[in-house]
Amino acid sequence: MFFLKKIFQKNLNIDEIEDLLFDNGVEPKFADLIISKIKENKSQEEDIKKVIKNELLTKFKEKQFGGFSPQNKSLYIIAGNNGSGKTTFIGKFINLIQKNGLRPAVIAADTFRAAAIDQLEHFTNQFEVPIHKGNNMEDPSAVIFQGIDNLKESDVIIVDTSGRQHNNKNLMAELKKISDIVSKKSDQFNLIRAFLTLDANTGLASKHVIEGFQEYITLDGIILNKVDSNAKYGALLTIINDFNIPVVFEGYGEGMNDLREFQFEGYLDRLL
Ligand SMILES: Nc1nc2c(ncn2[C@@H]2O[C@H](COP(=O)(O)OP(=O)(O)O)[C@@H](O)[C@H]2O)c(=O)[nH]1
Ligand SMILES: [Mg+2]
């Protein structure tokens with residue numbers, strides 16, 4: 001497992017431990033906390049692990065984790081960088097919503113790549129749910145506006161959006177427009193949420209992604225994908241510390257059942 005094992009196996013000195021923590025994406029303030037605990041308590045690996053875990057559980061006890069409750073007449077906008085797992089998450093989310101006895105439908109608002117719509121349609125076919133598609137290069141807001149009207153019979157509408165980098169002003173302005181269009185239709189929904197997908201391999205750069213997206217839209221939740229390829233994801237501690245955005249789900253594979261509500265304690269057990 002993670003850095004504590006290395007610290008104990010290799011008998012590292014404090015400087016080497018600091019480097020190791022930093023290399024693992026643990027921000028200096030948390031690295032300091034961990035090091036002070038190690039200095040205080042030189043006994044057993046398991047003891048130190050417990051001390052750190054309790055420290056972090058207490059530190060973040062006011063934060064929100066998981067807390068998804070499926071609701072009739074809800075709409076979810078799924079946004080994020082290219083390849084951060086938006087479309088795959090939508091497949092898993094459709095599955096989850098159906099398991100909860102509600103009828104999902106999807107709006108394919110990633111109109112930049114025809115392949116993106118095909119990928120989404122693969123999932124909507126698999127689960128036999130309605131999909132509203134725009135034409136290639138059509139304005140995504142227009143697609144969404146029409147889609148909401150066409151999918152009135154559904155309980156939950158999920159909107160797939162194009163991948164965008166947070167520093168691309170045009171694409172971010174487009175996302176704001178998407179969010180504004182959805183707000184105009186808010187009387188038709190009991191709940192509207194915008195989720196940001198993050199790739200667990202992105203490291204501390206995720207902070208800038210969140211800040212960039214937050215400049216344009218309100219983020220109601222984070223979905224952390226690919227935790228199967230980077231289970232420890234030390235940067236998440238910093239994200240939890242620095243933002244008040246619930247980490248709602250984590251994706252742990254490409255399969256349609258590889259999604260669970262985020263559990264902070266489980267995450268700490270993997271991290272430490
Ligand atoms: N291992 C793993 N791969 C994932 C996960 N989520 C998505 N992927 C893969 O990551 C790649 C990009 O995912 P995609 O959903 O197309 O991202 P999008 O561009 O944000 O829509 C695809 O190859 C997915 O199969 C996950 O939780 N674990
Ligand atoms: Mg996609």
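1. A polar contact is a pair of N or O atoms within 3.5 Å; within protein, one must be able to donate a hydrogen and the other to accept it, and residues adjacent in sequence count only if both atoms are side-chain atoms. Asn168 caps the N-terminal end of α8 in this way, with a side-chain oxygen 3.2 Å from the backbone nitrogen of Asn170.

2. This is a predicted model, in which local features need pLDDT of at least 70 and side-chain atom pairs count only at pLDDT 80 or more, while totals for chains, interfaces and linings use all residues. Residues are numbered from 1 along each chain as its sequence is written, chains are lettered from A and ligands numbered from 1 in the order in which they are written, and side-chain values use heavy atoms, with hydrogens and water left out.

3. Helix α8 (residues 169-184) has 16 residues and spans 23 Å from its first C-alpha to its last, close to the expected 22 Å, which is 1.5 Å times one less than its number of residues. Its buried residues (under 20% relative accessible area, 1.4 Å probe, protein chains only) include Leu171, Glu174 and Ile178, and the buried residues of α8 pack against elements including β1 (74-80) and α9 (205-214).

4. An oxygen atom of ligand 1 is 2.3 Å from an N or O atom in the side chain of Glu254, and a backbone N or O atom of Gly85 lies 3.0 Å from an oxygen atom of the ligand.

5. Asn95, in helix α5 (residues 86-99), counts as buried because its relative accessibility is 10%. Its side chain makes a polar contact with that of Asn257 (2.9 Å).

Key:
Helices (H or I, at least four residues) and strands (E, at least two) are DSSP runs, numbered from the N terminus. Buried means under 20% relative accessible area, exposed over 50%, partly exposed in between (1.4 Å probe, protein chains only). Contact means heavy atoms within 4.5 Å.
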